[in-house]
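Dear colleague,

I am handing over the structure that we discussed, and my notes on what was found in it follow directly below. Please read them with the coordinates open beside you.

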Amino acid sequence: MKYRELGNTGLQVSEVSFGTWAIGGSWGNTNDDEALKGLDKAIGEGVNFFDTADVYGDGHAEQLLAKATKGKEDDIHVATKFCRAGDIHDLETYSEARVRAYCEASLKRLERERIDLYQIHCPPLSVLKDGRVFEVLDKLQAEGKIRHYGVSVETVEEGLFCLGVPGVKALQVILNLFRQKPLTQLLPKAQEAGVGILVRLPLASGLLTGKFKPDTTFAADDHRSFNANGEQFNVGETFAGLPFTKGVELAAQLDWIAEGRGDMARAAMRWILDQPEVTCVIPGFRNVRQVEDNLGAIGVPSFSEAELMRLAAFYQNEVAQHIRGAY
């Protein structure tokens, strides 16, 4: 395992870490035994950082992390998120009383005294500009409840604004071969500001595995079914904002990236890890096999300059025009 510093925090985290949305819920059937085995496998392979949220399975993902990291709290770092258990557009959701309650509830479920990275969970830009939520986070940090704080953002504009907030030490962004917009401005400016970059949805909800067909279906409780067109939350969180059938078509045009790299998924994550500003990629998983598959990205060859140019042109000419939602 290789490690990278999270911005200028001094915190060293595994370059392939894991998100826990899939084991909490909203990705179809979940199995706690399989999830815990997957977490144990990841930790055994050197993964020392996990991202979760209070709304993943209504806190269930946090509880699973508590079980998996019991006695290892100093060695295994946990990031969690807040605000989506309330109305994200209501400023009261970000009041000191409400944020403190969210934080205490997460600490209890995680069975920890301190959260390593506490993130606002995709709030509207208006909330970020209001600024009072950052004052609350500063208080929690001073009290030792949180070690660092950051923001999970939907758009480049939101990310750029957050870089101007002194306490923000990490941004969580959607970045993948179908979602390259952050490369131009956001990532270089984050590096200049000493802010870490966590990359979620590296495989565009599975599209970049190359395994889906136009007639592939998903369970009713899987967001790839109930949010396929942004019915429940930002459409960019599902299939990178692409219509599913278009995404399948575009993924087929990328099958060449797997050559010499094992498979498309590993190649797609390798592309992300090749971006020098990225701290870590946080793919999801549901079992040991998926953990092993994702960790395979570490050892595959990087892309050549010619390949990188080909992928950039592919995004500009074939993909960008089909992406829906703010980004």
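Taken as a whole, strand 5 is mostly covered, since six of its six residues are buried.

Before going further, please keep in mind that this is a predicted model, in which local features need pLDDT of at least 70 and side-chain atom pairs count only at pLDDT 80 or more, whereas totals for chains, interfaces and linings use all residues. Residues are numbered from 1 along each chain as its sequence is written, and side-chain values use heavy atoms, with hydrogens and water left out. Helices (H or I, at least four residues) and strands (E, at least two) are DSSP runs, numbered from the N terminus.

Eight strands form an open sheet in the order 3-4-5-6-7-8-9-10, and the pairing is parallel; two strands pair if DSSP finds at least two bridges between them. Strand 3 (18-19) and strand 10 (280-281) stand at the edges with a single partner strand each, so one side of each is left without a neighbour in the sheet. Strand 4 (residues 49-51) pairs with strand 5 (residues 77-82) in the parallel sense over three bridges, and histidine 77 in strand 5 is the bridge partner of phenylalanine 49.

Helix 6 (residues 132-142) lies across strand 5, strand 6 (115-121), strand 7 (146-152) and strand 8 (168-174), and runs at about 155 degrees to strand 7. Axes are lines fitted to C-alpha atoms, for helices over the stretch in contact, and angles run from 0 to 180 degrees between N-to-C directions.

Phenylalanine 82, which belongs to strand 5, counts as buried because its relative accessibility is 0%. Its contacts (heavy atoms within 4.5 Å), not counting residues up to four places away in sequence, are Asp54, Val99, Tyr102, Tyr118, Gln119, Ile120, His121, Val133 and Leu137. Phenylalanine 82 also lies 6.4 Å from alanine 53, C-alpha to C-alpha, although the two are 29 residues apart in sequence.

Histidine 121 is found in strand 6 and, at 8% relative accessibility, counts as buried. With residues up to four places away in sequence again left out, histidine 121 touches Ala53, Val55, Tyr56, Lys81, Phe82, Cys83, Arg84 and Ser152.

**Helix packing**

Helix 2 (residues 32-44) packs against helix 3 (residues 60-68) at an angle of about 50 degrees, with their axes 10 Å apart. The two helices are therefore oblique to each other, given that angles under 35 degrees count as roughly parallel, over 145 as roughly antiparallel, 65 to 115 as roughly perpendicular and the rest as oblique. On the helix 2 side the contact is made by Asp32, Ala35, Leu36, Leu39 and Ile43, and on the helix 3 side by His60, Leu64, Leu65, Lys67 and Ala68. These residues divide into seven nonpolar, one polar and two charged, where Ala, Val, Leu, Ile, Met, Phe, Trp, Tyr, Cys and Pro count as nonpolar, Asp, Glu, Lys and Arg as charged, and the others, Gly among them, as polar.

The buried residues of helix 3 are Ala61, Glu62, Leu64, Leu65, Ala66 and Ala68, and what covers them includes helix 1 (21-24), helix 2, strand 4, strand 5 and helix 4 (96-110).

Helix 2 also packs with helix 12 (residues 288-295), at an angle of about 30 degrees and with the axes 8 Å apart. Here the contact is made by Glu34, Lys37, Gly38, Lys41 and Ala42 of helix 2 and by Val288, Val291 and Glu292 of helix 12, and by class it has three nonpolar, one polar and four charged residues.

**Backbone angles to check**

Most residues other than glycine have a negative phi, and most peptide bonds are trans. Glutamate 111, in the loop between helix 4 and strand 6, has a positive phi near 55 degrees and counts as partly exposed at 43% relative accessibility. Leucine 201, in the loop between strand 9 (196-200) and helix 9 (223-226), has a positive phi near 50 degrees and counts as buried at 11% relative accessibility.

With best regards

How values were computed
Buried means under 20% relative accessible area, exposed over 50%, partly exposed in between (1.4 Å probe, protein chains only).
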